Amino acid sequence: MNQLRVFLNAATSEEKAMLAELSGTTLGTLHQVAGGYRKNGEAVVRAGLAMRIEAAVAVLRKANRSLPELFRTDLSPECRE
C-alpha cells in the first residue's frame, strides 16, 4: 500500500477535500494516484504535483498530528532521483 493510500485512509472526508484543494487537484486524481492507477499499485506522479501534495499534507498535519506524514519522494520517481 502506498503512502498516499495510507494518508487517505486516515483522513476524514473534510481533510481529503482540503488535501485536493490545497494540492490544486481533484479528489478523484488523488484516489487514482493512491490506487496506483495503471502503475501496478505504485503511486507515480510528476514532481510538481508531488511537491504540492507534500506541502498540503504538512498543512493538514498542523491541525491533526495523527495524520501520517507523506513526502514527495513517496509519490514521485523524479523526486527520488
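1. Arginine 61 forms a salt bridge with glutamate 69, with their closest N and O atoms 3.6 Å apart; the term here means a side-chain nitrogen of Lys or Arg within 4 Å of a carboxyl oxygen of Asp or Glu. Arginine 61 is buried at a relative accessible area of 12%, whereas glutamate 69 is partly exposed at 44%. For these words, buried means under 20% relative accessible area, exposed over 50%, and partly exposed in between (1.4 Å probe, protein chains only).

2. A quick word on where the values come from. This is a predicted model, in which local features need pLDDT of at least 70 and side-chain atom pairs count only at pLDDT 80 or more, while totals for chains, interfaces and linings use all residues. Residues are numbered from 1 along each chain as its sequence is written, and side-chain values use heavy atoms, with hydrogens and water left out.

3. How many salt bridges are there by this rule? The count comes to 3. Another of them joins arginine 46 and glutamate 78, whose closest N and O atoms are 3.3 Å apart. Arginine 46 sits in the loop between helix 3 (27-34) and helix 4 (47-63) and glutamate 78 in helix 6 (residues 77-80), so this pair ties together parts that are 32 residues apart in sequence. Helices here are DSSP runs (H or I, at least four residues), numbered from the N terminus. Arginine 46 is exposed, at 62% relative accessibility, and glutamate 78 is partly exposed, at 36%.

4. Arginine 72 and glutamate 54 also form a salt bridge, and here the closest N and O atoms are 2.9 Å apart. This pair too links distant parts of the chain, with arginine 72 in helix 5 (residues 72-75) and glutamate 54 in helix 4, 18 residues apart. Arginine 72 is partly exposed, with a relative accessible area of 33%, while glutamate 54 is buried, with 18%.

5. Now to helix 1 (residues 3-10), where the buried residues are Leu4, Phe7 and Leu8. Seen down the helix axis, these residues fall within an arc of 95°, so they line one face of helix 1; the arc is that of the directions from the helix axis to the C-beta atoms. The buried residues of helix 1 pack against helix 2 (13-23), helix 3, helix 4 and helix 5, where contact means heavy atoms within 4.5 Å.

6. Asparagine 2 deserves a look of its own. This residue is found in the segment before helix 1 and is buried, with a relative accessible area of 9%. Asparagine 2 caps the N-terminal end of helix 1, a side-chain oxygen lying 3.1 Å from the backbone nitrogen of leucine 4. A polar atom of the asparagine 2 side chain also lies 2.9 Å from the backbone nitrogen of arginine 5. Which backbone oxygen does the side chain of asparagine 2 reach? That of alanine 34, at 2.8 Å. For polar contacts, the pair of N or O atoms must be within 3.5 Å; within protein, one must be able to donate a hydrogen and the other to accept it, and residues adjacent in sequence count only if both atoms are side-chain atoms.

7. Alanine 34 brings us to helix 3, in which Leu30, Val33 and Ala34 are buried. Viewed down the axis of helix 3, its buried residues fall within an arc of 100°, so they line one face of the helix. Their cover includes helix 1, helix 2, helix 4 and helix 5. Glycine 36 follows helix 3 and has a positive phi, near 65°.

8. Is serine 76 buried or exposed? Serine 76 counts as buried, at 0% relative accessibility, and is found in the loop between helix 5 and helix 6. The serine 76 side chain reaches the backbone oxygen of valine 45 at 3.1 Å. Leaving aside neighbours within four places in sequence, serine 76 is in contact with Val45, Arg46, Ala47 and Ala50. Arginine 46 is also the salt-bridge partner of glutamate 78.

9. Finally, the surface. Met18, Leu22 and Val59 form a nonpolar patch there, with about 230 Å² of accessible area together. Patch members have over 30% relative accessible area and no salt bridge; like charges are joined within 9 Å and nonpolar side chains (Val, Leu, Ile, Met, Phe, Trp, Tyr) within 5 Å. Accessible areas come from the Shrake-Rupley method with a 1.4 Å probe, and for residues only the protein chains shown count as cover. Valine 59 lies in helix 4 and is partly exposed, with a relative accessible area of 45%.

Definitions and conventions:
Helix = DSSP H or I, 4+ residues; strand = E, 2+ residues; numbered from the N terminus.
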